[in-house]
Amino acid sequence: GTGQDFAEAVRWYERAAELGSDWAQNSMGLMYQNGRGVDVDNQKAFDWYMRAAQQGYPDGMNNVGYFYDLGLGVD
């Protein structure tokens, strides 16, 4: 019944991410990486993935490694 609204999803993910949800932090990284509800921004995606990874979230760790491997959002 409900249509997709990526901008609204970002709003809710960001609220949860700022409250410390590792899953939501990783989801914010995905939104920035794929440009869903926000402009593509690999630096912001990496930053969100890193926040999730620092909490031990496995997908966040994997995404940080992926970004380092491809040189996305890192020096």
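Analyst: In this predicted model, helices H2 and H3 pack with their axes 8 Å apart and at an angle of about 165°. An angle over 145° counts as roughly antiparallel, and H2 is therefore roughly antiparallel to H3. The crossing of these two helices is left-handed. On the H2 side the contact is made by Asp-22, Gln-25, Asn-26, Met-28, Gly-29, Leu-30, Tyr-32 and Gln-33, which meet Asn-42, Lys-44, Ala-45, Trp-48, Tyr-49, Arg-51 and Ala-52 on the H3 side. Sorted by class, the residues of this contact divide into seven nonpolar, five polar and three charged.

When residues up to four places away in sequence are not counted, Asn-26 touches Tyr-49 and Ala-52, together with Tyr-57, Asp-59, Gly-60 and Asn-63. Of these partners, Tyr-49 and Ala-52 are among the H3 residues that meet H2, while Gly-60 and Asn-63 are among the H4 residues that meet H3.

The axes of helix H3, residues 42-54, and helix H4, residues 58-70, come within 7 Å and cross at roughly 140°. H3 and H4 are therefore oblique to each other, and their crossing is left-handed. From H3, the residues Asn-42, Ala-45, Phe-46, Tyr-49, Met-50, Ala-52 and Ala-53 meet Gly-60, Met-61, Asn-63, Val-64, Phe-67 and Tyr-68 from H4. By class, this contact has ten nonpolar and three polar residues, and no charged ones.

Aromatic rings are part of the picture here. Counting rings whose centres lie within 6.5 Å, the model has five aromatic pairs. The rings of Phe-46 and Tyr-68 have their centres 5.4 Å apart and their planes at 85°, so the pair is edge-to-face. This pair links distant parts of the chain, with Phe-46 in helix H3 and Tyr-68 in helix H4, 22 residues apart. Phe-46 itself, at 7% relative accessibility, counts as buried. Tyr-49 and Phe-67 form another edge-to-face pair, at 5.3 Å centre to centre with 80° between the planes. This second pair also links distant parts of the chain, Tyr-49 lying in helix H3 and Phe-67 in helix H4, 18 residues apart, and both residues are buried. Phe-46, Tyr-49, Tyr-66, Phe-67 and Tyr-68 form one aromatic cluster.

Gly-65 is in helix H4 and is partly exposed, with a relative accessible area of 37%. Although Gly-65 and Phe-46 are 19 residues apart in sequence, their C-alpha atoms are 9.8 Å apart in space. Leu-72 is found in the segment after H4 and, at 25% relative accessibility, counts as partly exposed. Leu-72 and Phe-46 are 26 residues apart in sequence and 7.6 Å apart in space, C-alpha to C-alpha. Leaving aside neighbours within four places in sequence, Leu-72 is in contact with Asn-42 and Phe-46, as well as with Tyr-66 and Phe-67; of these, Phe-46, Tyr-66 and Phe-67 belong to the aromatic cluster.

Finally, the loop between H2 and H3 holds Arg-36, which at 43% relative accessibility counts as partly exposed. Leaving out residues up to four places away in sequence, Arg-36 touches Phe-6, Val-10 and Met-31.

Key. Residues numbered from 1 in each chain as written. Predicted model: local features only at pLDDT ≥ 70, side-chain atom pairs only at ≥ 80, totals over all residues. Heavy atoms only, no water. Axes fitted to C-alpha atoms, helices over the stretch in contact; angles between N-to-C directions. Helix = DSSP H or I, 4+ residues; strand = E, 2+ residues; numbered from the N terminus. Parallel < 35°, antiparallel > 145°, perpendicular 65-115°, else oblique. Left-handed = near helix turned anticlockwise from the far one by under 90°. Contact = heavy atoms within 4.5 Å. Nonpolar A, V, L, I, M, F, W, Y, C, P; charged D, E, K, R; others polar. Phe/Tyr/Trp six-rings, centres within 6.5 Å; stacked < 30°, edge-to-face > 60°. Buried < 20%, exposed > 50% of the residue type's maximum accessible area, 1.4 Å probe, protein only.
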